[in-house]
Amino acid sequence: QLPPPDPSKYPDSLPILGDVTPPRDILHDPSQIILARDNKTWLLYTTGTGIRMRASTDKVTWHNIGYVFGSGKWNETTQPEQTFAFLSRKSPILWAPDVTYYNGFYWLVYSASQTGINKSGIFLAKSITGLPGNWTDEGMIISSDKSDNFNAIDPSRVMDEKGQWWLTFGSYWTGEHLILNSDKFVFHRAGGASLEASFIFKWEKYWFLFTSFGSCCSGKDSTYSVRVARSKTLGGPYVDANGVKSLDGGGTEILSSHRTATRPYWGTGGQSVFLDEKGQPFLVYHYSGVGISDYHIGLNNLTFRTGWPVVI
């Protein structure tokens, strides 16, 4: 077991500078930060119309470099046609991008939906460079509607030891799901709480399931927190540090709303995990500052010295 979480001890984010000023820059649901083909530029993708892209050579100062699709403005020629059925002209935003690199291509999964409903779709695109203007639409992977007991948003892809791709996704409703080939099953329920934005990361002998518990996007009233469970197999079962299964609502908190000497960090979540060029793990997430529209990207090192991830 781990000691109970103490938000007063949670750290500041590492510096994040450049084109990251809300509300001009939308900073929700950051992807894992991934290395470009030049092996010196880091790429970051975030929720937005067309999916906003930023680049950095030091993971500190970030510059807008464009969009996966089009110019970031609502235009029926710039976003994949299948997404239109899940969007409205008042909210033409593509959600929660996740990017992986495999076999010479960057692979992007993302979702199209509207707040509060489960008429949603998860889509796939690929690119040789990972840069704007170089993406090919690969179509829809899965969708949901009001007759379903799940919500097809917040996707993330992960490869197992056999080279098989798994897709994790879900928000509210019956919880989070995994897909392997055509098999879909629930692997995380919140036990009455809300949860979303699952991300699976392998460290040494365990697969770690990172999840956002609580509600997002309400400024100081946000209850988002990042929680973790682990398993020796990708398909689970996952348990938290107290031995509670994820199917029973388990999840050990590693980050939640807190205030440091420098600033408030409300509603930490929408997280991903990546390795830097030295193989060191990092947690990237979003949080709110002084107001509902004051959203920022957070970045912290992770240590697994206890057998569980700790934000430092």
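This is a predicted model: local features need pLDDT of at least 70, side-chain atom pairs count only at pLDDT 80 or more; totals for chains, interfaces and linings use all residues.
**Entry: surroundings of Ser113**

I placed Ser113 in the loop between β7 (105-112) and β8 (120-127). I then looked up its side-chain partner and found a polar contact of 2.7 Å with the side chain of Ser120. Setting aside neighbours within four places in sequence, I listed the residues in contact with Ser113 as Phe86, Leu87, Ile93, Trp95, Lys119, Ser120, Asn151 and Ile153.

**Entry: Thr115**

I next turned to Thr115, which also sits in the loop between β7 and β8. Thr115 reaches 72% relative accessibility and therefore counts as exposed, the threshold being over 50%. I also noted a C-alpha separation of 9.1 Å between Thr115 and Ser91, residues that are 24 positions apart along the chain.

**Entry: backbone geometry**

Which peptide bond did I record as cis? The bond from Gly236 to Pro237 is cis, with omega near 10 degrees. I located Pro237 in the loop between β16 (225-231) and β17 (252-256).

I recorded a positive phi of about 70 degrees for Ile51, although this residue is not a glycine.

Tyr172 is not a glycine either, and I recorded a positive phi of about 55 degrees for it. Its place is in the loop between β11 (165-169) and β12 (176-180). With 34% relative accessibility, I classed Tyr172 as partly exposed.

**Entry: the chain as a whole**

I counted zero helices and 22 strands in the chain. The radius of gyration is 18 Å, close to the 20 Å given by the globule rule for 312 residues, so I regard the chain as being as compact as a globular protein of that length. For the C-alpha trace I noted spans of about 50 × 45 × 40 Å along the principal axes.

I found that buried residues make up 56% of the 312 residues. Among contacts with a separation of 6 or more, 49% join residues 24 or more positions apart. The accessible surface comes to about 13500 Å², and 51% of it belongs to carbon and sulfur atoms.

Finally, I looked up the charges: the chain has 28 positive and 28 negative ones, and their mean positions are 2 Å apart.

Note on methods
Residues are numbered from 1 along each chain as its sequence is written. Side-chain values use heavy atoms; hydrogens and water are left out. Helices (H or I, at least four residues) and strands (E, at least two) are DSSP runs, numbered from the N terminus. The radius of gyration is taken over C-alpha atoms; the globule rule is 2.2 Å times the number of residues to the power 0.38. Buried means under 20% relative accessible area, exposed over 50%, partly exposed in between (1.4 Å probe, protein chains only). Contact means heavy atoms within 4.5 Å. Accessible areas come from the Shrake-Rupley method with a 1.4 Å probe; for residues, only the protein chains shown count as cover. Lys and Arg count as positive and Asp and Glu as negative; His and the chain ends are not counted. The place of a charge is taken as NZ of Lys, CZ of Arg, CG of Asp or CD of Glu. A polar contact is a pair of N or O atoms within 3.5 Å; within protein, one must be able to donate a hydrogen and the other to accept it, and residues adjacent in sequence count only if both atoms are side-chain atoms.
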